[in-house]
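Good morning, and thank you for joining. I would like to take a few minutes to walk through one structure, helix and charge pairs in turn.

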Amino acid sequence: MTQADELSALYEQWRSLTEDEGAAIEASTWASVEQFQAAKARLQPRIVELSQRLDAGTHDRQFRKVVEELMQQERRNSVLLQRLRQTADEQMRELDKTGRHLRQLHKSYVPPARTHWQSYS
């Protein structure tokens, strides 16, 4: 197997992992997301090594389109993560607001606790 063939196979593994990562993000299965990211992190050093060994022109001709597609997939996953985080942040703000309202209602309807100690003089 040539270096270009190995690099092509690694890029294909990256593509598959990124697609699976996107599905895991959509399903909010965060342990799976973490596993896919860890697997990609393990691929990265070998991809860098092989990319540096190839002539820049050869790499550009053979893999430019592939790399651009992978970058687009990564951006899509990032945007999806940002949307989910924004939704979670909004839900958290609403829950905090609801909690404050409930505490205010509680204060309005529940008399303050009596103190058991009285001052004798």
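Predicted model: local features only at pLDDT ≥ 70, side-chain atom pairs only at ≥ 80, totals over all residues.

Let us start with helix α3, which covers residues 56-109. Helix α3 contains 54 residues, and the distance from its first C-alpha to its last is 74 Å. That is close to the 80 Å expected at 1.5 Å a residue. Where is the kink in α3 centred? It is centred on phenylalanine 63, and the angle is about 60°.

At the start of α3, there is a contact to point out: a side-chain oxygen of aspartate 55 comes to within 3.2 Å of the backbone nitrogen of glycine 57.

Which residues of α3 are buried? They are His59, Phe63, Leu70, Gln73, Asn77, Leu80 and Gly99.

I now turn to the charged side chains. How many salt bridges does the structure hold? There are 10.

Aspartate 60 and arginine 64 form a salt bridge with an N to O distance of 2.8 Å. Arginine 64 also forms a salt bridge with glutamate 68, at 3.2 Å, N to O. Why can these partners meet along a helix? An α-helix has 3.6 residues a turn, so residues three or four places apart point the same way. Aspartate 60 and arginine 64 are four residues apart in α3, about one turn of the helix. Arginine 64 and glutamate 68 are likewise four residues apart in α3. Elsewhere, salt bridges that share partners link Glu6, Arg46, Glu49 and Arg53 into one network.

The last pair is in helix α1, where glutamate 12 and arginine 15 lie three residues apart, about one turn of the helix. Their side chains meet in a salt bridge at 3.3 Å, N to O. Arginine 15, at 17% relative accessibility, counts as buried because the cut-off is under 20%.

Definitions and conventions:
Residues numbered from 1 in each chain as written. Heavy atoms only, no water. Helix = DSSP H or I, 4+ residues; strand = E, 2+ residues; numbered from the N terminus. Expected span 1.5 Å × (residues − 1). Bend = angle between axes of the 7 residues up to and from the residue. Buried < 20%, exposed > 50% of the residue type's maximum accessible area, 1.4 Å probe, protein only. Polar contact = N/O pair within 3.5 Å; in protein donor to acceptor, adjacent residues only side chain to side chain. Salt bridge = Lys/Arg side-chain N within 4 Å of Asp/Glu carboxyl O.
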